[in-house]
Structure formats: structure tokens, C-alpha cells
Amino acid sequence: MVFFIHGFDNETNYIVRSTEAMQANFDDKKPDKVLVVPVDWACDEADGPLGFGLLARKNRYDEDQTSSEVAGSALWKLFSGLKNSKQTLSLNVIAHSMGN
């Protein structure tokens, strides 16, 4: 199982397309062996109401940092639950543009 976590300022359609492409790549190499799971946390998209100018971008980034912390906490609970379950899953994470 591969969890794909996107970074700041990514639109949902990009995440879906990227997940589909990753899944296709895995299926080419190992059919039915890997499941790619998109993790779409609540970041503000560029075309949203604050999507104009540098100040708006800074405000969106600050809001998204808070959203990422909430989503990260929930994801940690999910990972911990999966790890503590009786299932023998291999958990992997692909994350990009997650800040410094």
C-alpha cells in the first residue's frame, strides 16, 4: 500500500491524475500487488477566493499549514491503527513539496 501525499497548492484533479499514473506504473510492474491511496488534505487551491497576489499566497500558505497539521495527525492515527492491527500490510508514503 502506497499513500500519496501532495504538497501545498495542488488541485484535486492533479492529485487524481498523479495517483492514476502511479497506480498504472505499479500495475505494469506488479499487477494487483500495490494499491496507491491518495491523501487529499484541505489545502486552498490557487483559483480559490484568495488565489491572487503575494499577500494572498502567504495567507493561503499559513492556513494550509494548519490544515496539514490536522490532516497529519489524522493520518498518523490511521497509520498507527494499521500498524497495530493483525494485518500484514507494507505501508509506504510518497510525499512531495511538504515544506522545510
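Let me start with helix 1, where Ile15, Ser18, Thr19, Met22 and Gln23 are buried; buried means under 20% relative accessible area, exposed over 50% and partly exposed in between, with a 1.4 Å probe and protein chains only. Seen down the axis of helix 1, the buried residues fall within an arc of 135°, so they line one face of the helix. The arc is taken over the directions from the helix axis to the C-beta atoms. As background, an α-helix has 3.6 residues a turn, so residues three or four places apart point the same way.

Some bookkeeping. This is a predicted model, in which local features need pLDDT of at least 70 and side-chain atom pairs count only at pLDDT 80 or more, while totals for chains, interfaces and linings use all residues. Residues are numbered from 1 along each chain as its sequence is written, and side-chain values use heavy atoms, with hydrogens and water left out. Helices (H or I, at least four residues) and strands (E, at least two) are DSSP runs numbered from the N terminus.

Back to helix 1. On the face turned away from its buried side are the exposed residues Glu20 and Asp28. The cover over the buried residues includes strand 1, strand 2 and strand 3, with contact meaning heavy atoms within 4.5 Å. Helix 1 lies across these three strands and runs at about 165° to strand 2. For angles, axes are lines fitted to C-alpha atoms, for helices over the stretch in contact, and values run from 0 to 180 degrees between N-to-C directions.

What is its strand order? An open sheet of three strands has the order 2-1-3, with parallel pairing. Strand 2 and strand 3 are the edge strands, each pairing on one side only. On average, neighbouring strands of this sheet are turned by 25° against each other, direction ignored. Two strands count as paired if DSSP finds at least two bridges between them.

Strand 1 (residues 2–5) is joined to strand 2 (residues 36–39) by four bridges. In that pairing Val2 stands opposite Val36, and Phe3 stands opposite Val37. Four bridges also join strand 1 to strand 3 (residues 92–95), where Ile5 stands opposite Ala95. Both faces of strand 1 are covered: Val2 and Phe4 on one side, Phe3 and Ile5 on the other, are all buried.

Last, one backbone detail. Asp32 is found in the loop between helix 1 (12–29) and strand 2. Its phi is near 60°, a positive value in a residue other than glycine. Asp32 is exposed, with a relative accessible area of 77%.
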